[in-house]
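Subject: Structure handover

Hello,

Please look at it first; my notes come after it.

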Amino acid sequence: IKLTFVNENAKESFEEAQKIYKTLKEKIPGGYTINIYPALLYKLHNKYRWHILIQGENPNKIIEGIKLGENCRIDVDPISVR
């Protein structure tokens, strides 16, 4: 799963992604990996973007019950991680 956090404010975009990353990091079991990184096109249409990538057998299970917010886009089985 790729989570993309989009915001017109660069700092808020990063802080929102960082907050969810820390929450997920505490919850994630063995056998899964989680990474946070800026999008390849960091600023697009005057909005800043950060990605969280969750890899494992059933990543949907990891995000269950976590409030992601309205600025988060969820891509299950992403073709690209950029």
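Predicted model: local features only at pLDDT ≥ 70, side-chain atom pairs only at ≥ 80, totals over all residues.

Strand 1 covers residues 2–7 and is mostly covered, with 6 of its 6 residues buried. In a regular strand the side chains alternate between the two faces of the sheet. In strand 1, Lys2, Thr4 and Val6 point one way, while Leu3, Phe5 and Asn7 point the other way. The residues on both sides are buried.

Strand 1 has pairing partners to look at. With strand 3 (residues 47–55) strand 1 pairs in the antiparallel sense, over 6 bridges. In that pairing, Asn7 is found opposite Tyr48 of strand 3. Strand 1 also pairs with strand 4 (residues 72–75), again in the antiparallel sense, over 4 bridges. There, Lys2 stands opposite Asp75 of strand 4.

Now the rings. Searching the whole structure gives 3 aromatic pairs. One of them is Tyr42 with Trp50, an edge-to-face pair with 6.3 Å centre to centre and 90° between the planes. The pair counts as edge-to-face because its plane angle of 90° is over the cut-off of 60 degrees. Trp50 has a relative accessible area of 14%, so this residue is buried, the limit being under 20%. Tyr42 is at 30% relative accessibility and therefore counts as partly exposed. Tyr42 and Trp50 belong to one aromatic cluster together with Phe14 and Tyr48.

Regards

How values were computed: Residues numbered from 1 in each chain as written. Heavy atoms only, no water. Phe/Tyr/Trp six-rings, centres within 6.5 Å; stacked < 30°, edge-to-face > 60°. Buried < 20%, exposed > 50% of the residue type's maximum accessible area, 1.4 Å probe, protein only. Helix = DSSP H or I, 4+ residues; strand = E, 2+ residues; numbered from the N terminus. Pairing = 2+ DSSP bridges.
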